[in-house]
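Please keep the sequence and the structure in view while reading.

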Amino acid sequence: MKNQFKTLRASSLYCQKCKIARPVRERLLLVLPDKEIYDYLCTECGSSVGSREVKAAETSRPSLII
Ligand SMILES: [Zn+2]
């Protein structure tokens with residue numbers, strides 16, 4: 001079972017290692033021209049419990065053609 005996020009910021013997620021819902025911290029994993037990818041880490045064991053993509057279209061960035 002995978003965790004999928006839409007727009008909500010997750011504060012607590014189920015950790016498969018801890019086998020319980022743990023507070024998580026958000027880490028900016030990757031910045032791409034069209035989106036940013038955030039990683040969620042368990043604050044207890046540090047393992048990744050999920051990720052979230054934020055599309056650049058969601059921010060009001062003007063589209064540039066170079
Ligand atoms: Zn954990």
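Which residue is the bridge partner of Leu 13 in strand 2? The bridge partner is Arg 22. The model is a predicted one, in which local features need pLDDT of at least 70 and side-chain atom pairs count only at pLDDT 80 or more, while totals for chains, interfaces and linings use all residues. Residue numbers start from 1 along each chain, following the sequence as written. The protein has four strands and zero helices.

**Overall make-up**

- From the N terminus on, the elements follow the pattern β-β-β-β. Strands (E, at least two residues) and helices (H or I, at least four residues) are DSSP runs, numbered from the N terminus.
- The protein has 66 residues, of which 8% count as buried. A residue is buried if 20 or more other C-beta atoms lie within 10 Å of its own, exposed if 12 or fewer do, and partly exposed in between, with C-beta atoms placed from the backbone.
- Among the contacts in the protein with a separation of 6 or more, 28% join residues 24 or more positions apart. Two residues are in contact if their C-beta atoms, placed from the backbone, lie within 7 Å.

- The four strands form an open sheet in the order 1-2-3-4, with antiparallel pairing. Strand 1 (12–15) and strand 4 (48–55) are at the edges and have a single partner strand each, so one side of each is left without a neighbour in the sheet.
- From one strand to the next, the twist averages 45°. The axes behind this angle are lines fitted to C-alpha atoms, and angles run from 0 to 180 degrees between N-to-C directions.
- Strands of a sheet pair through backbone hydrogen bonds, in either a parallel or an antiparallel manner. Two strands count as paired if DSSP finds at least two bridges between them.

**Strand 1, strand 2 and the turn between them**

- Strand 1 and strand 2 run antiparallel and are joined by four bridges. These two strands form a hairpin with four residues between them.
- Lys 19 lies in the loop between strand 1 and strand 2. Its phi is near 60°, a positive value in a residue other than glycine. Lys 19 is exposed, because 8 other C-beta atoms are within 10 Å.
- Gln 16 is also found in the loop between strand 1 and strand 2. Gln 16 counts as partly exposed because it has 14 C-beta neighbours inside 10 Å. From Gln 16 to Cys 42 the C-alpha to C-alpha distance is 9.6 Å, although the two are 26 residues apart in sequence.

**Arg 22 in strand 2**

- Arg 22 is placed in strand 2. Arg 22 counts as partly exposed because 18 C-beta neighbours lie inside 10 Å.
- Apart from neighbours within four places in sequence, Arg 22 is in contact with Ser 12, Leu 13, Cys 15, Cys 42, Thr 43 and Glu 44.
- Arg 22 and Ser 11, eleven residues apart in sequence, are 8.4 Å apart in space, C-alpha to C-alpha.
- Strand 2 as a whole is hardly covered, since one of its twelve residues is buried.

**Strand 2 with strand 3**

- Strand 2 (residues 20–31) pairs with strand 3 (residues 35–42) in the antiparallel sense over seven bridges. The hairpin formed by these strands has three residues between them.
- Glu 26 has Tyr 40 in strand 3 as its bridge partner, and Leu 30 stands opposite Ile 37 in strand 3.

**Strand 3 with strand 4**

- Strand 3 and strand 4 run antiparallel and are joined by seven bridges. Leu 41 has Ser 48 in strand 4 as its bridge partner.
- The hairpin of strand 3 and strand 4 has five residues between the strands, and Gly 46 in this hairpin takes a positive phi near 80°.
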